[in-house]
Amino acid sequence: MSRIAYVNGRFTRHAQASVHIEDRGYQFADGVYEVWAVFDGRLADSAGHFERLARSLGELRISIPLSQAALGVILRETIRRNHVRNGMVYLQVTRGVAPRDHPFPAGAIRPSLVVTAKSVDMVKSQARAADGVKVITVPETRWARCDIKTIGLLPNVLAKQAAREAGAAEAWFVDDLGLVTEGASSNAWIVDAKGVLRTRDTQANILRGVTRKSVLALAAKLGLTFEERAFTVDEAKQAREAFITGAGSLVLPVTRIDATVLGDGAPGPVAKRLRDVYIQQARQDAA
Ligand code: PDD
């Protein structure tokens, strides 16, 4: 079955889909993106991702002449044309095509819009969660605006590659104070030695994860003790549990940090419960 992509107003075969060589996304990473998890062909945490998309675009002063409703139609049509039941849908907006010059182009140019979708095997995803994954820690090397979901992801790419080479699923960035900021494509969480669920506050230089926000709401609903407070690598290594959240990982238990095995090496009860409840709720609320 051939994949289909949406590119600037058209659905086209994925293998042939292309943008111009002077697209500012290609030359300057001058653009933003969003990823929604897809359950039963519908968008998980739909509103939260649209809100963040609008914010990211606003911060870069890119104005896209399409309403949220129109974008929703394109996302759902891309999902439908690719026969995705469970998986992910990716949307990217760049400032558009213009002769290479660092400042914004003088005249109004049309932003480039690309949407792709892919299926995820939920059986494999659940098996991975049942085993738990390893993360490595790497120095924080990113810019100071990680709250914007830009396509400028080179430090994240390098961190992920280091993770892969170490047999790990994710890399956690660690700042100069020894505090974990977040993962290369996820937010970082622990259940600390005292049993408190913790994830870093969004005053820090991190992405305001949409899944993070939903999981915090679920933690409150379940009556868990939680804090939005940074933790050190040492605290994480001594934690009862750890996990990551994101549109790709959902809620994914972490069982090893660098060479340290957490607890008995199996996913913890809080992470497992939050994964189950998150998936159930996200599936139910998907739109
Ligand atoms: N990544 N932090 C970073 C750096 C991320 O790239 C992501 C998401 C998250 C989690 O955010 P959310 O819960 O809103 O997905 C945190 C996406 C999935 C990606 O780059 O593919």
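Which domains does the domain assignment of the protein give? Domain 1 (4-120) and domain 2 (125-285), with bounds from an automatic or database domain assignment. What you're looking at is a predicted model, where local features need pLDDT of at least 70, side-chain atom pairs count only at pLDDT 80 or more, and totals for chains, interfaces and linings use all residues. Residues are numbered from 1 along each chain as its sequence is written, and side-chain values use heavy atoms, with hydrogens and water left out.

**View 1. How domain 1 and domain 2 meet.** Their C-alpha centres sit 26 Å apart. Contact (heavy atoms within 4.5 Å) links 28 residues of domain 1 with 22 residues of domain 2.

**View 2. The area buried between the domains.** Together they bury about 2,000 Å², counted as the accessible area (1.4 Å probe) that two parts lose on being put together, summed over both. Carbon and sulfur atoms give 59% of that area.

**View 3. A salt bridge up close.** R55 pairs with D147 here, with the closest N and O atoms 2.9 Å apart. The count between the two domains is 3 salt bridges, each a side-chain nitrogen of Lys or Arg within 4 Å of a carboxyl oxygen of Asp or Glu.

**View 4. Who's on the domain 1 face.** By class, the side touching domain 2 has 12 nonpolar residues (Ala, Val, Leu, Ile, Met, Phe, Trp, Tyr, Cys and Pro), 8 charged (Asp, Glu, Lys and Arg) and 8 polar (the others, Gly among them).
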